[in-house]
Amino acid sequence: MIVALIIACEVGFWVLLAAGLALRYLARMPRLGAAVLLCEPLMELVLLVVTTLDLKNGAEPDWKHGLAALYIGYTVAYGHYTIKWLDGHAAHRLAGGPKPAGAGYGKARAAHEWKLWVRTVVAAAVALGLLQVAIWYVGDAGDVSSLKAWQFGALRAVGIHALVAVGYTIWPKKAPAGGEERPVLAKTDR
């Protein structure tokens, strides 16, 4: 049931996001669109409650509970960022707004990657906290090795993302020749 709920939360995230942006820019109802976008965190709250109830009702902690914790952590750290990023692109494409700035090149790109790494640290911290609470909650009554493995996975993600940021710091991405941020594609290339 938890896996189905995680999938439903992910699908719901994108459906609410599309509906909110469509209301905001296509239907010209910005307040209603913002209200729909504000419903996003409710799905994670439902996932947290259902996962807690599942453990409370005696379910053996396993990979599903770990995945739920990581999903919630990711959503806490990256959910608003993703919505803001897509909102900027929707405003540009659908409402004639300015083109959103990209990640940039050189030092600006490295700084961007480090900011994303901080988000990954926040996601991991939330997941680690939720997993630790679950471990304490289950206690000696159940096998918590799966939850501990997910904690290690969260820390591993932080380490891998740090390597990516270090890579952009040591070997900065260079701007393309001619100063264009992205090459313009011909109609046949699209």
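**Helix packing in a predicted model**

Q: At what angle do α4 and helix α6 (residues 145-170) pack?
A: In this predicted model, the axes of α4 and α6 are 8 Å apart. Helices are DSSP runs (H or I, at least four residues), numbered from the N terminus. Axes are lines fitted to C-alpha atoms over the stretch in contact, and angles run from 0 to 180 degrees between N-to-C directions. For α4 and α6 the angle is about 35°.

Q: Which residues of α6 make the contact with α4?
A: Contact means heavy atoms within 4.5 Å. From α4 come Trp63, His65, Gly66, Leu67, Leu70 and Tyr78. The partners on α6 are Ser146, Leu147, Trp150, Ala154 and His161.

Q: How many charged residues are in the contact of α4 with α6?
A: Asp, Glu, Lys and Arg count as charged; Ala, Val, Leu, Ile, Met, Phe, Trp, Tyr, Cys and Pro as nonpolar; the others, Gly among them, as polar. This contact has seven nonpolar and four polar residues. Its charged count is none.

Q: Are α3 and α4 roughly parallel or roughly antiparallel?
A: The axes of α3 and α4 lie 10 Å apart. Their angle is about 170°. Angles over 145 degrees count as roughly antiparallel, under 35 as roughly parallel. The pair α3 and α4 is therefore roughly antiparallel.

Q: Which residues of α4 make the contact with α3?
A: The α3 side supplies Glu40, Glu44, Leu47, Leu48, Thr51, Asp54 and Leu55. The α4 side supplies His65, Ala68, Tyr71, Ile72, Thr75 and Ile83.

Q: How many nonpolar residues does the contact of α3 with α4 have?
A: Three residues of this contact are polar and three are charged. The nonpolar residues of the α3 and α4 contact number seven.

Q: How far apart are the axes of α1 and α2?
A: α1 and α2 pack at an angle of about 170°. That angle makes α1 roughly antiparallel to α2. Their axes are separated by 7 Å.

Q: Which residues of α2 make the contact with α1?
A: On α1 the contact uses Leu16, Leu17, Ala19, Gly20, Leu23 and Arg24. By class, the α1 and α2 contact divides into eight nonpolar, two polar and one charged. On α2 the contact uses Pro30, Leu32, Gly33, Val36 and Leu37.

Residues are numbered from 1 along each chain as its sequence is written. Local features need pLDDT of at least 70, side-chain atom pairs count only at pLDDT 80 or more, totals for chains, interfaces and linings use all residues, and side-chain values use heavy atoms, without hydrogens and water.

Notes. Helix = DSSP H or I, 4+ residues; strand = E, 2+ residues; numbered from the N terminus. Parallel < 35°, antiparallel > 145°, perpendicular 65-115°, else oblique.
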